[in-house]
Amino acid sequence: MSLHQSIALRGAPGSPYTRKMLAVLRYRRIPYRFLVGLWAQNAGLPAPKVDLLPTFYFDSEDGVEAVVDSTPIIRRLEEDVMGRSVIPHDPALAFLNYLLEDYADEWLTKAMFHYRWWYEADIERAGEVLPRWRDLRASAAAMELRSQAVRERQIGRLYVVGSNDVTAPVIEASYRRFLARFDDHIGNGPFLFGARPAAADFGLYGQLTQLAMFDPTPAKLTADTAPRVLAWVQTVDDLSGLEPQEGDWITRDSLPDTLHELLAEVGGTYVPVMLANAQAIDTGAERVEAQVDGQPWTQRPFPYQAKCLQWVRQEYARLDGDDRACVDHALAGTGCEALF
């Protein structure tokens with residue numbers, strides 16, 4: 001595509017994946033048209049096969065193609081638009097970037113959804129604000145009905161991310177550890193892989209736009225315990241003014257200990273649940289059973305995350321020689337090596 005063309009995408013401010021992709025587009029200086037609420041409904045664009053946010057609309061031989069799933073969209077944009085890449089050129093770092101992006105998308109989102117629909121103050125705010133993005137002119141009477149419908153539907157979907165009485169303390173402890181470890185790492189970055197952002201940074205940012213800036217309970221926790229993380233989120237919102245250089249990526253020989261600590265958090269949380277979920281899918285079990293940080297984890301199987309595990313393993317399988325050895329060394333002792 002030409003840099004003079006603008007990409008249309010449909011999304012919502014409360015969607016972490018929408019915020020992730022808007023920040024990518026701003027950083028990469030790719031023109032876009034953001035369609036939200038009634039603007040999206042009146043755009044006359046095709047529906048995607050699976051209705052997820054954000055939905056991107058790309059030109060195709062048949063007219064317009066509706067595409068979802070942020071991770072492959074980022075890679076598609078890398079091919080379509082040159083410059084300001086969010087994928088490290090080093091294959092080993094590119095893999096670690098992929099793994100951390102999936103952690104953000106598939107594990108950190110559990111905290112985002114849990115906090116939003118678990119605590120009364122968060123439920124109240126989300127119920128009042130989220131449905132208003134669809135129609136800012138709706139009457140109070142109409143909004144009351146929509147707010148209640150949103151609350152009931154989303155609370156009823158907590159099982160999808162595995163939020164329940166057993167897992168709630170596990171999710172919250174994981175988020176607190178993540179905040180502490182990421183706060184430490186920002187001081188060595190300020191991004192995951194040096195002085196320029198990678199796709200995984202935007203994955204973390206998307207979830208944190210909600211956890212650190214919208215939902216009252218995790219926002220207070222973030223501001224009180226990790227103010228540098230809050231400042232990081234506010235900065236990453238628009239990195240269009242950053243002028244990245246190729247040398248801004250860290251080298252494979254200079255990975256900081258703080259990155260290792262983040263990978264250890266991935267290995268202690270995301271990894272056992274992803275493996276247990278895949279096993280449940282393979283065996284047809286009705287429940288996922290795992291241990292996370294020594295605590296029990298149970299939820300319904302999630303078929304999409306079994307696919308995510310396959311894709312992570314495919315990325316690892318593409319590594320060879322020194323690249324795979326570098327990744328193996330980086331993951332050693334973190335728990336992430338169990339994925340492979």
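Strand 1, strand 3 and helix 3 each supply at least two residues to the lining of the second largest pocket. Helices here are DSSP runs of H or I with at least four residues, strands are DSSP runs of E with at least two, and both are numbered from the N terminus. This is a predicted model, where local features need pLDDT of at least 70, side-chain atom pairs count only at pLDDT 80 or more, and totals for chains, interfaces and linings use all residues. Residues are numbered from 1 along each chain as its sequence is written, and side-chain values use heavy atoms, with hydrogens and water left out.

**The second largest pocket**
- Its volume is about 230 Å³.
- A pocket is an open set of points on a 1 Å grid over the protein atoms alone, where a 1.4 Å probe fits, with protein on both sides within 12 Å along at least five of seven lines; lining residues have an atom within 4 Å of a point.
- Of the 13 lining residues, S6, I7, Y57, F58 and D59 are the closest to the pocket's centre.
- Strand 3 gives the most to this lining, with 3 residues.
- By type, the lining splits into 7 nonpolar, 2 polar and 4 charged residues.

- Helix 3 covers residues 70–80, and its buried residues are S70, T71, I73, I74, L77 and E78. (Buried means under 20% relative accessible area, exposed over 50%, and partly exposed in between, using a 1.4 Å probe and protein chains only.)
- The arc is that of the directions from the helix axis to the C-beta atoms.
- Here's a handy rule: an α-helix has 3.6 residues a turn, so residues three or four places apart point the same way.
- Among the elements covering the buried residues of helix 3 are strand 1 (7–10), helix 1 (16–27), strand 4 (63–67) and helix 9 (199–211).
- R84 counts as buried, at 14% relative accessibility.

**The nonpolar cores**
- The largest nonpolar core has 95 residues, and Y175, F178, F182, F193, W232 and Y270 have the most contacts inside it. Such a core is a set of buried Ala, Val, Leu, Ile, Met, Phe, Trp, Tyr and Cys residues joined through side-chain atoms within 4.5 Å.
- Helix 4 (residues 91–118) gives the most to this core, with 16 residues.
- A second, separate core has 5 residues, including A8, L35, A40 and A66.
- Leaving aside neighbours within four places in sequence, Y175 is in contact with residues including L108, Y115, L208 and P218. Contact means heavy atoms within 4.5 Å.

**Helix 11**
- In helix 11 (residues 227–236), V229, L230, W232, V233 and V236 are buried.
- Their arc is only 160° around the axis, which puts them on the same side of helix 11.
- Helix 8 (168–186) and helix 10 (216–225) are among the elements covering them.

**Two cis peptide bonds**
- The bond from L53 to P54 is cis, with omega near -5°. P54 has its place in the loop between helix 2 (38–41) and strand 3.
- Another cis bond joins G189 and P190, with omega about 10°. P190 is in the loop between helix 8 and helix 9.

Definitions and conventions. Points joined across faces, edges and corners; volume = space filled by probe spheres on them. Nonpolar A, V, L, I, M, F, W, Y, C, P; charged D, E, K, R; others polar.
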